[in-house]
Amino acid sequence: MASPSTSLSDCSCKEPVDCKDDDLPPLLLNNLPSELLIYISNFIDAKTIIKSLMNVCQEFYDLFSCDSYWKQRISKRWPQKYPAIHVDDFDWQEGCIIREETYRQWSNPDDHLDYFTYNEGLFAAVDTVHLMKNGSILAAGSRDRYLTILDLDKYDKHRPESKKEMTVYSDCKIHKGWIWSLASVDSTLATGSWDTFIRLWNIEAGCQPITEFKCKSAILSIHMEPGLIVAGGYDKKLYFIDPREGKKSFKRFHRQPVLCVAADDNYIITGSEDKTISIYDRRTSSVYKTVELENCYALDLSYGDNQLWFGDKEGQLHLMDATYGNFNTVATYDVGHKGKLTGVKHTRGAVFTSSSDFHVNVLEPNINPSPITTLKEHKGDVTGISYLNGILATSSCDISIGIWRPKSY
């Protein structure tokens, strides 16, 4: 047979050779060398490989089921250490899917994300936002004392009037002070206010009140889980509430107001204006460790996967290694904010930060969180962020709520 550079007229054969299909091996992907398959797979997104290609045959499953492939795939594209802190039994397949999808969306948000704002019926700065119900419901609290509940599924970018249809609840009489903090479990929403009350609401029942708890001061932060609410107060106390039995107690770990709280099964972590982070061990019911900060205090915390991220009033981002309860400082990062770092949320796909400089940063979720993009849509301080199921919501002093969600949503 002629080579690619030789024409048929130059061939010495008078008649074409009759090559039957039976003379050639079938051209199948699983007949290719593993090295070539891996090279080809670099042009296929991780989700397609895991959800489809691995199920084609045993050869593909064996090739792509080992962690080493996914570790190498991530490290070649993003060389910095990932995850930022080692995690035992890390799901590398899931991590690669989330990392690739998040980077694809946020590296080019105009092509992959819909952005819209909500300001219907808002008359003052929005201080807090909270996504719940897998990202379909958004709760917001503002300085006009309004609690606003939005059904994001009702928004249609082709129908501008659908913004008004998103509002499923709006009331300025549920609290007598600013609504400063929000948290939820399933369909139960908790609101914390400067009027010293924590109130619970049933979202599925039209935001009907469930119960309330009066504290001694303004409530600045809330963590909620089944059977427990932990709330940070302006009076330097940490409140523990069992909503099932109505029991309330408090502990005092700080010398100044408790600004932020995060928790898992083992620890409750609080940040305060006294420039300390307190680690409360739930197993021993005592303070396990107090971390002294230098010339700064934590405004928001994001905790999980052995990582504790927090932002400070100087606009810097901090990372602590929480492996085995050590909570050792790893690094402090200048991520480009020129004001207070008001919100931080880390996921396996990105680290999101908000600031009083009007901006939101989307950063790489590795040991060196370099920027993926900066969002500059707001015209006032960004007071907080919430992220769930690929949806990002922001609250701002420009009297608006910003929402980014995938175009395929």
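This is a predicted model: local features need pLDDT of at least 70, side-chain atom pairs count only at pLDDT 80 or more; totals for chains, interfaces and linings use all residues.
Colleague: Which residues of helix H4 are buried?
Modeller: Helix H4 runs over residues 67-77. What covers them includes helices H1, H2, H3 and H5. The buried residues are Tyr69, Trp70, Arg73 and Ile74.

Colleague: Which residues have the most contacts inside the largest nonpolar core?
Modeller: That core has 21 residues. Strands S14, S15, S16, S18 and S19 each supply at least two residues of this core. Apart from it lies another core, of 20 residues, with Met54, Tyr69, Val87 and Trp92 among them. In the largest core, the residues with the most contacts are Ile269, Ile277, Leu301, Tyr303, Leu308 and Phe327.

Colleague: With which residues is phenylalanine 327 in contact, leaving aside its neighbours within four places in sequence?
Modeller: Phenylalanine 327 is one of the residues with the most contacts inside the largest nonpolar core. Beyond four places in sequence, its contacts are Tyr267, Ile269, Ile279, Lys289, Val291, Tyr303, Leu308, Met320, Asp321 and Ala322.

Colleague: What separates the C-alpha atoms of glutamate 100 and lysine 47?
Modeller: Glutamate 100 lies in helix H5 and counts as buried because its relative accessibility is 10%. Leaving aside neighbours within four places in sequence, glutamate 100 is in contact with Asp45, Ala46, Arg73, Arg77 and Trp78. Lysine 47 is 53 residues away along the chain, and the C-alpha separation is 8.8 Å.

Colleague: How many residues apart in sequence are the parts tied together by glutamate 364 and arginine 99?
Modeller: The two side chains meet in a salt bridge, 2.9 Å from N to O. At 7% relative accessibility glutamate 364 counts as buried, and so does arginine 99 at 1%. Glutamate 364 is in the loop between strands S24 and S25 and arginine 99 is in helix H5, so the parts they tie together are 265 residues apart.

Colleague: Which strands hold arginine 199 and glutamate 212?
Modeller: Their side chains form a salt bridge, with 2.8 Å from N to O. Arginine 199 is buried at 15% relative accessible area, whereas glutamate 212 is partly exposed at 41%. The pair ties together parts 13 residues apart in sequence, with arginine 199 in strand S8 and glutamate 212 in strand S9.

Colleague: Is arginine 244 buried or exposed?
Modeller: Arginine 244 forms a salt bridge with aspartate 242, their closest N and O atoms being 3.2 Å apart. Aspartate 242 is buried, with a relative accessible area of 15%. For arginine 244 the value is 64%, so this residue is exposed.

Technical notes: Residues are numbered from 1 along each chain as its sequence is written. Side-chain values use heavy atoms; hydrogens and water are left out. Buried means under 20% relative accessible area, exposed over 50%, partly exposed in between (1.4 Å probe, protein chains only). Helices (H or I, at least four residues) and strands (E, at least two) are DSSP runs, numbered from the N terminus. Contact means heavy atoms within 4.5 Å. A nonpolar core is a set of buried Ala, Val, Leu, Ile, Met, Phe, Trp, Tyr and Cys residues joined through side-chain atoms within 4.5 Å. A salt bridge is a side-chain nitrogen of Lys or Arg within 4 Å of a carboxyl oxygen of Asp or Glu.
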